[in-house]
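Trainee: Could we go through the aromatic rings of this structure together, one question at a time?

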Amino acid sequence: MVPPLNIGIIRDERFLRHQTGLSHPETPQRLSVVHRMLDYDFAASFRERSAEPATLEQVEALHTPDYVRMVIATARRRFTNLAADTTASSESCFTSFLAAGACIRGARELLAGDYQAALALVRPPGHHAQPAKAEGFCILNNLGITALELVRRGLKRVLIVDWDLHHGNGLQKVFYESPEVFYFSSHHLHSYPHTGDWEEAGAGAGEGYTVNLCLPPGADDNDVVELYRQLLPTVVERYRPQIILVAAGFDAHREDPLSNLSMSAAGFGALGQLVADLGPRGCGAPVLLALEGGYEPTDLAECLRQVLLAWQGDPTMLERASSDRGAQWAEQARAVHRRYGVWMD
Ligand SMILES: [Zn+2]
């Protein structure tokens, strides 16, 4: 019997106020369906916390003051296009500060020992947001701001695992030269934003601290879980993270309107179990999952349900799955990273 984790959820109705327009996939409904799932399937099982906004100082540790002024100005208008694919309603500025603050709160309470694993149910998402611009539905870089805040508080080794369908180009850019924040991403290379090739591995003092795993169309649960099981334990063993932050997008689900991969909720459950086994049940590092993509609300809710069941100790359906393709991709990553000697000799 795997021991259940002490789980916290950062949940706040105010995240529903960020409006994106009529035809945008990043809708408030994504979260309301997840909230219903929590109430129906896990009533009162978790410690629930509301969110609190990040401070201007925390946000400006990552974003430029000019950009932050531009975001604040959106509060005076009904709708603003911050980028071709990223809109802001009058409530979006506050909601964005709330999303970054929710992740900071979750991380702070994890490190204080309030719980071992936490889920920050935030929107807008964050991992594409750049220091000076919005993109990819992201306004502020929620986990980037959180990681910088943790480093400011003295942490030396923050591991970010990004399993969203898309490469977190904002996160990679911010931490590309930093050994204090290790960025580990799997994604489909030939989707937006077309960054994150195998060879992109960090620079300067951060060389070897960025891992990019490029998945071909059709990659399924067994492929992705095999890839993670072959690589992530080594990274955790060598890097010894003090906390694991997960950029948890679920748009690699086969039913997602943006997906060209073939994962199912069971695959995400297995990834959730792996990070729990390596972190809270393994080296002791707590884990924070922050919501990124995932645009089919019912499947998004089912993916999160599977992660929570794994955290509660249910064995996942992929206990003994394996994949030759996943093993080959793992070897490809090792071949790139052997030269840096950070986690692979
Ligand atoms: Zn995505």
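Trainee: Are tryptophan 163 and phenylalanine 268 buried or exposed?

Mentor: In this predicted model, a residue counts as buried when its relative accessible area is under 20%. Tryptophan 163 falls in that class, and phenylalanine 268 does too, so the word for both is buried.

Trainee: How is the pair of tryptophan 163 and phenylalanine 268 classed, given planes at 50°?

Mentor: Planes under 30 degrees apart count as stacked and those over 60 as edge-to-face, while the rest have a third name. The ring centres of tryptophan 163 and phenylalanine 268 are 6.4 Å apart and their planes stand at 50°, so this pair is tilted.

Trainee: How far apart in sequence are the parts that this pair of tryptophan 163 and phenylalanine 268 ties together?

Mentor: Tryptophan 163 sits in the loop between β6 (158–162) and α6 (169–175), whereas phenylalanine 268 belongs to helix α8, which covers residues 265–283. The pair therefore ties together parts whose separation in sequence is 105 residues.

Trainee: Which residue joins Trp163 and Phe268 in a cluster?

Mentor: Ring pairs link Trp163 and Phe268 into a cluster that has one further member, and that member is Phe250.

Trainee: How many aromatic pairs does the structure hold?

Mentor: Rings count as a pair if their centres lie within 6.5 Å. The number of such pairs in the structure is nine.

Technical notes
Residues numbered from 1 in each chain as written. Predicted model: local features only at pLDDT ≥ 70, side-chain atom pairs only at ≥ 80, totals over all residues. Heavy atoms only, no water. Phe/Tyr/Trp six-rings, centres within 6.5 Å; stacked < 30°, edge-to-face > 60°. Helix = DSSP H or I, 4+ residues; strand = E, 2+ residues; numbered from the N terminus. Buried < 20%, exposed > 50% of the residue type's maximum accessible area, 1.4 Å probe, protein only.
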